Amino acid sequence: MLKFSFDFSRLIAIDEDAQSKTMAIPVINLEELNGEKRSQTMSLVHEACAKWGFFWVENHGINEGLMQKIKSLVKKHYEENMKDSFYESDIAKALETHNKVFDFDWESSIFIRHKPDTTTEAIANLKPELCKAMEDYIDQVINLAEKLAETMSENLGLDKGYLKKTFSDPYIGTKVAIYPQCPKPEQFIGLRAHTDAGGIILLLQDDYVSGLEFWRDGEWVPITPSKYNRIFVNLGDQLEVVSNGIYKSILHRVLPNKDGSRLSIATFYNPGANAIISPAPKLLYPGQYRFQDYLNYYADTKFSDKGSRFKTIKEMQV
Ligand SMILES: O=C(O)CCC(=O)C(=O)O
Ligand SMILES: [Fe+2]
């Protein structure tokens with residue numbers, strides 16, 4: 001039997017100008033990375049990672065027909081295999097017995113690991129057609145994640161392959177979720193507020209039903225359903241660490257919807273379990289040194305600029 005408790009502080013009303021913030025979320029045309037507008041587009045990605053931590057991408061290289069196919073096959077899988085057991089579960093029954101439930105998620109999901117090895121076959125009743133479409137989709141999602149990782153590395157002033165190498169061999173998995181239609185959405189949370197642990201998260205989401213929200217400037221900003229086959233990107237904690245805080249992982253949550261079920265297919269491009277994570281030494285300011293070495297150098301540079309002293313100390317140790 002599940003236990004439920006209440007936390008009213010999680011209920012924060014959505015402000016009116018959250019809507020205008022929604023409109024302001026960066027939308028980046030990744031095709032431009034290959035053309036004349038490359039440097040502007042690189043800057044847009046950098047700004048989105050540093051000032052937002054989440055953004056939309058379009059012309060991302062993932063086949064649009066495949067995106068639609070995955071969505072409809074996942075919906076079918078949910079209808080045939082997951083829906084009934086969800087509405088019969090203790091969570092769904094709590095609709096009648098509890099007023100507010102904030103320590104469980106109103107979510108029905110499966111998790112598929114793709115790398116280092118795949119668990120697709122182990123998941124009950126996944127039709128071959130869905131497995132095959134998922135395999136093709138994931139190959140394209142990995143290309144996109146690695147293109148973004150390259151762009152971020154370059155933007156941070158690191159070697160192009162820095163993030164990929166740091167994450168290597170990456171752990172890649174997809175959470176296929178439905179946030180089922182909820183008759184009393186005010187009683188539940190779809191997914192409790194959190195930041196993601198890993199690296200780059202690429203989200204394919206519902207065309208019609210909303211629910212995802214990101215925290216920004218003291219309020220929840222709703223992420224609208226996908227338009228124009230865009231993919232939604234957000235950054236996990238490890239990118240904040242490796243970038244030494246230049247990039248941000250942002251708090252987000254999902255609210256249930258009373259008018260419909262929301263589909264969400266989130267692929268996590270994360271460091272492998274044994275990857276050693278630290279801020280990139282090049283980004284440390286100015287980095288690690290022995291204090292006596294600093295003092296020796298200071299003796300000769302005391303009356304010059306501190307910034308260039310830091311720079312030299314940093315170059316001495318990297
Ligand atoms: O379903 C979503 O839109 C977000 C899912 C999510 O944040 C997560 O699984 O970490
Ligand atoms: Fe998340």
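Domain bounds here come from an automatic or database domain assignment. With that in mind, select domain 1 (64–270) and domain 2 (286–317) of the protein chain. Their centres, taken over C-alpha atoms, are 45 Å apart.

Before going on, note that this is a predicted model: local features need pLDDT of at least 70, side-chain atom pairs count only at pLDDT 80 or more, and totals for chains, interfaces and linings use all residues. Residues are numbered from 1 along each chain as its sequence is written, while chains are lettered from A and ligands numbered from 1 in the order in which they are written.

**Stop 1: the seven-strand sheet**

Show the strands. Helices (H or I, at least four residues) and strands (E, at least two) are DSSP runs, numbered from the N terminus. Two strands pair if DSSP finds at least two bridges between them. Follow the order β1-β2-β9-β6-β11-β4-β3: these 7 strands form an open sheet with mixed pairing. β1 (27–29) and β3 (108–115) are at the edges, each with a single partner strand, so one side of each has no neighbour in the sheet. On average, neighbouring strands are turned by 25° against each other, direction ignored.

Zoom in on β2 (residues 54–58) and β9 (residues 231–235). They run antiparallel, joined by 4 bridges. Phe-55 stands opposite Val-233 in β9.

Axes are lines fitted to C-alpha atoms, for helices over the stretch in contact, and angles run from 0 to 180 degrees between N-to-C directions.

**Stop 2: ligand 1**

Select ligand 1. Among the residues around the ligand are Lys-175, Asp-196, Gln-205, His-252 and Ser-264. Near means a C-beta atom, placed from the backbone, within 6 Å. β4, β6, β10 (252–254) and β11 each give two or more residues to this shell.

**Stop 3: the four-strand sheet**

Trace β5-β10-β7-β8, an open sheet of 4 strands with antiparallel pairing. Its edge strands are β5 (191–194) and β8 (219–222), each pairing on one side only. Pick out β7 (residues 212–216): 4 bridges join β7 to β8. Which residue in β8 is the bridge partner of Trp-215? Click Trp-220.

**Last stop: residues 170–271**

Select residues 170–271. Along this stretch the chain is 6% helix and 44% strand. The end C-alpha atoms are 5 Å apart.
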